[in-house]
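The following report describes one protein chain, from its overall build to a few individual residues. Please keep the sequence and the model in view while reading.

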Amino acid sequence: WSADDRGRATKGAALAYLANTQMYLKDWTSAAKATTDLFALNKPKYELAADIHAPFSIKKKNDDDYKKENIFEVQYREKAGDNFYWGDVPNGGQLLAGSTSPRDVGNKWASWGGWGESMINKKLVDAYDPMDERRLQLVKLRGESYKGELMDTTMGPNDWGINEAAQKDVGYSTKYWLGNDGGILAPQNLPMMRFAEVLLNYAEIVFMQDNATEAYAQLNKVRARANVPALPVSADPATFMADLMRERRFELIFEPNLWFHYTRTGTAAAFLQTVHGITWQEKWSHFPIPDRERSVNPNLCSNGY
């Protein structure tokens, strides 16, 4: 790519988000066409990466295994002197690596000692199949061994830092916590739309077109990559949606679209109540409208906030 075109969205990205938009509109025919058009692309040919951690890698950003799964991502540059809110830092980048690493794990294992701010609820950790590669590679409990791609040595059970997180019995995502990158901001790109999510979306699309067999075929491709058994086909809408949302939860934790799948499908209320004992509030379906915008346009309502 020339410098002028670098960073532009690809046709694959446009098709993936077009299908996602049609799902909101419940236009399943158009959503299916956008997705099959994406499947038909050859440059690149999108597929699931063989390495389950490849889509989140720093070192593999130019490898085929990385590029064939990541359809759209936020890119970060490495540039000395980029200004952050408390001063200059060694490189530009994102904060998820620091915030998802365990608190005070030490800069031997995570830049700036680890923040421990974004954790995984133990209920999700326990919900994974024990042989699920997403649990084995992308989620770690305190005290487990771990070696991110930027770590020279393996972190052992006693290397988890001096301060416990406020929430004691929790897991940590290793999608973004890869080890010490030498600065507070990591130069790791953040996937916004991966091929795995497209397959799960397509499963929903074809199920809504009364093709349960094809729906489970797509869902089970994602499970096969994670090394877990295929789910049996069910034409019951409640059973399918439970299977699909469970798979989205396992696959898309700490990725941007997971919550919106819950709200779009109307499954958020039951999930929060059943799993976490939290009573749903309808306003959570929407972003709050900023007060500044309401002062400019008094006809805007508060939509519950």
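Contact here means heavy atoms within 4.5 Å. This is a predicted model, in which local features need pLDDT of at least 70 and side-chain atom pairs count only at pLDDT 80 or more, whereas totals for chains, interfaces and linings use all residues. Residues are numbered from 1 along each chain as its sequence is written, and side-chain values use heavy atoms, with hydrogens and water left out.

**Overall build**

The secondary structure amounts to 12 helices and seven strands, where helices (H or I, at least four residues) and strands (E, at least two) are DSSP runs numbered from the N terminus. The chain has a radius of gyration of 20 Å, close to the 19 Å that the globule rule gives for 305 residues, so it is as compact as a globular protein of that length; the radius is taken over C-alpha atoms, and the rule is 2.2 Å times the number of residues to the power 0.38. Along the principal axes, the C-alpha atoms fill a box of roughly 55 × 55 × 50 Å.

Of the contacts between residues at least 6 apart in sequence, 62% join residues at least 24 apart. Buried residues make up 47% of the 305 residues, with buried meaning under 20% relative accessible area, exposed over 50%, and partly exposed in between (1.4 Å probe, protein chains only).

**Nonpolar cores**

A nonpolar core is a set of buried Ala, Val, Leu, Ile, Met, Phe, Trp, Tyr and Cys residues joined through side-chain atoms within 4.5 Å. The largest one has 41 residues, and those with the most contacts inside it are Leu38, Ile71, Phe195 and Phe240. Several helices each supply at least two residues of this core, among them helix 1 (11-24), helix 2 (28-40), helix 8 (212-225) and helix 9 (237-252). Helix 7 gives the most to this core, with 10 residues.

Which residues is Ile71 in contact with, leaving aside its neighbours within four places in sequence? They are Thr10, Gly12, Ala13, Ala16, Leu38, Tyr46, Met193, Arg194, Phe195 and Val198.

**Loop residues**

| Residue | Relative accessible area | State |
|---|---|---|
| Lys108 | 56% | exposed |
| Asp104 | 28% | partly exposed |
| Asp210 | 74% | exposed |

Lys108 lies in the loop between helix 4 (96-100) and strand 4 (120-121), and Asp104 has its place in the loop between helix 4 and strand 4. Not counting residues up to four places away in sequence, Lys108 touches Thr153 and Asn180. The C-alpha atoms of Lys108 and Leu258, which are 150 residues apart along the chain, are separated by 32 Å.

Most residues other than glycine have a negative phi, and most peptide bonds are trans. Against that background, phi of Asp104 is near 55°, a positive value in a residue other than glycine. Phi of Asp210, likewise positive, is near 65°, and Asp210 is found in the loop between helix 7 and helix 8. The peptide bond from Lys43 to Pro44 is cis, with omega near 0°, and Pro44 lies in the loop between helix 2 and helix 3 (64-67).
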